[in-house]
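Open the model in your viewer and keep the selection panel at hand.

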Amino acid sequence: MGTTEQANRDAYAASREVLIFDTTLRDGEQSPGISLNTAEKLEIAHQLARLGVDVIEAGFPITSPGDFEAVQAIAREVTEPAPPIVAGLARTHVADIDAAWEAVRDAERPRIHTFISTSDIHIVHQLQSTREDVKGQARAAVAHAKQYLDDVEFSPMDATRSDVEFTAEVCQIAIDEGATTINIPDTVGYAMPHEFQAFLARLYELVPDLHGVTLSVHCHDDLGLAVANSFAGVLAGARQVECAINGIGERAGNASLEEIVMLLRTRHADIGLDTRVNTTELARSSRLVSRLTGYPVQPNKAIVGRNAFAHESGIHQDGVLKERTTYEIMDATTVGLQANSIVLGKHSGRHALRQALEEMGFHVEGQALNTAFRRFKEIADKKKALTAMDLEALVTDELREEISGFGLESFDVESSSERPPHARVSVTLPDGGTAEGSFTGDGPIDAVFAAIDAATGLQAKLRDFQIGAVTEGQDALGEVSVVVEVGGQSGSGQAVATDIIEAAARAYVRALSVAQTRSQRSDQSVGLPATAP
Ligand code: KIV
Ligand code: ZN
């Protein structure tokens, strides 16, 4: 085959591939109550690399030293099994772009993603500026980023509520300055699929140079149309979709990564497009993100929900038993929901635990292995066998321990049908000291939460409380998710334990720590310009 023919084939294959740009760690982390530390972000980024996403938007480096540190760590450490593109977000300000560059520069494949609003609503009310100024800022930002690296993405924010002619002018400027990806956001989730497709078709007409760069879409789910709009974008020619695991993100969230990926995979024969994603890692990615963010996945969530492959009606069960495809369009194993193969018990040693964790992709060494082993033994004493799902929950739970703030030292609850439940707790404080609290509540968990409030001196409002089990069976590990609000800041926490009251208490203490850290951070950032897109 000649080189031109080969080049044509490569170009054709590339045009059939949709790049997956994961923004779980940037837009996803902007969900209310989510606050991930660097270790947690790294763990998610490693899992995203295993999943095979093309781009990891690792954060917004100018916003805080913590965000910068996490983006830099991801850029430096996440290289296996294949180095993903690591992107840092930046407004058009020079300082933002410089911070994004410093954070991503050590990645094998760095990217700067810069954005500015093009809708008049944003230009007039938020930026308090003019269209001319926006054009100048877009030009200067892309030119500045190009001095550092080749891979520059530009987004005209709130594009779908912008004048298409003006958006086209701004995109043309970004391309002239060297942007290699143009991303069209439906920032407030307002578009309808046919409208979004027409908007992109018109952009292609107005900016023929768009054919020479990657067109990307970034859709929010305010009307529940994020995936539908992203797909409409793909049909219009977009070859990058920005999305997040479990669809987390600002307000109602972003397009759900697992849904867009499985749509393209399941309907590949009809659409003719696909992604590089290893779909068997989807379920695990979903569980990891859910645990570390404290955002539970609704049972009926497409692809990764607990019931996504469950059949309740007798007619359906009968059909599936005779032939799976009667009521299933996908095989649960293709999204990683296969049966647990790993089983450890109380006689398993440290070596067996380490090997099982390695098999699951967790590299746990030294002190972390000692702690994991101690927890494993405690749980194995109470529970006959631990499966891969239990180990995964346990290791993720340990990661969560690294949150600085409050910790649960001990608790004692008396619960009876004869008198109101009473709880006593001992809590470690951020300064290293301990405090005790006791309280009588409506139920044992209410009493524990009130006792923790008394010990920490915080007046928290409980916004959400969810209780579940990691696996089936009576001896399953209990899993609790809690969202609290302290001084106007929300925080979420999750914990697993064989005792559900212990899991609830630990989840509550973690949620308090996150809310407290966020309220301290927001006090420190008073006076800084608004940064969240
Ligand atoms: O929703 C949005 O417009 C964004 C941009 C920064 C792409 O998140
Ligand atoms: Zn967004």
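How do the residues of the shell around ligand 1 divide into nonpolar, polar and charged? They divide into 4 nonpolar, 6 polar and 2 charged, where Ala, Val, Leu, Ile, Met, Phe, Trp, Tyr, Cys and Pro count as nonpolar, Asp, Glu, Lys and Arg as charged, and the others, Gly among them, as polar.

Before going further, note that this is a predicted model, in which local features need pLDDT of at least 70 and side-chain atom pairs count only at pLDDT 80 or more, while totals for chains, interfaces and linings use all residues. Residues are numbered from 1 along each chain as its sequence is written, chains are lettered from A and ligands numbered from 1 in the order in which they are written, and side-chain values use heavy atoms, with hydrogens and water left out.

**Ligand 1**

Select ligand 1 and the residues near it (a heavy atom within 4 Å). The selection holds 12 residues, and the closest are Arg26, Asp27, Thr187, His218 and His220. Now show the strands (DSSP runs of E, at least two residues, numbered from the N terminus). Strand 4 (109-117), strand 5 (152-157) and strand 6 (181-186) each supply at least two residues of this shell.

Next, display polar contacts (pairs of N or O atoms within 3.5 Å). Oxygen atoms of ligand 1 lie 2.9 Å from a side-chain N or O atom of arginine 26, 3.1 Å from one of aspartate 27 and 3.0 Å from one of histidine 220. The protein covers 99% of the 260 Å² of accessible area that ligand 1 has on its own, by the Shrake-Rupley method with a 1.4 Å probe.

**The zinc ion**

Select ligand 2, the zinc ion. Its donors (N, O and S atoms within 2.8 Å of the metal; water is not among the atoms, so sites may look incomplete) come from Asp27 (OD), His218 (NE2) and His220 (NE2), at 2.0 to 2.1 Å. Along the chain they follow the spacing D-x190-H-x1-H.

**The cysteines**

Finish with the cysteine sulfurs. How many disulfides (pairs of cysteine sulfur atoms within 2.5 Å) does the count come to? The count comes to 0. Cysteine 171 has the sulfur of cysteine 219 as its nearest cysteine sulfur, 14 Å away; cysteine 171 is buried, at 1%. For cysteine 243, the nearest cysteine sulfur is that of cysteine 219, 10 Å away. Cysteine 243 is buried too, at 0% relative accessibility.

Terms used. A disulfide is a pair of cysteine sulfur atoms within 2.5 Å. Buried means under 20% relative accessible area, exposed over 50%, partly exposed in between (1.4 Å probe, protein chains only). A polar contact is a pair of N or O atoms within 3.5 Å; within protein, one must be able to donate a hydrogen and the other to accept it, and residues adjacent in sequence count only if both atoms are side-chain atoms. Helices (H or I, at least four residues) and strands (E, at least two) are DSSP runs, numbered from the N terminus. Donors are N, O and S atoms within 2.8 Å of the metal (3.2 Å for Na, K and Ca); water is not among the atoms, so sites may look incomplete.
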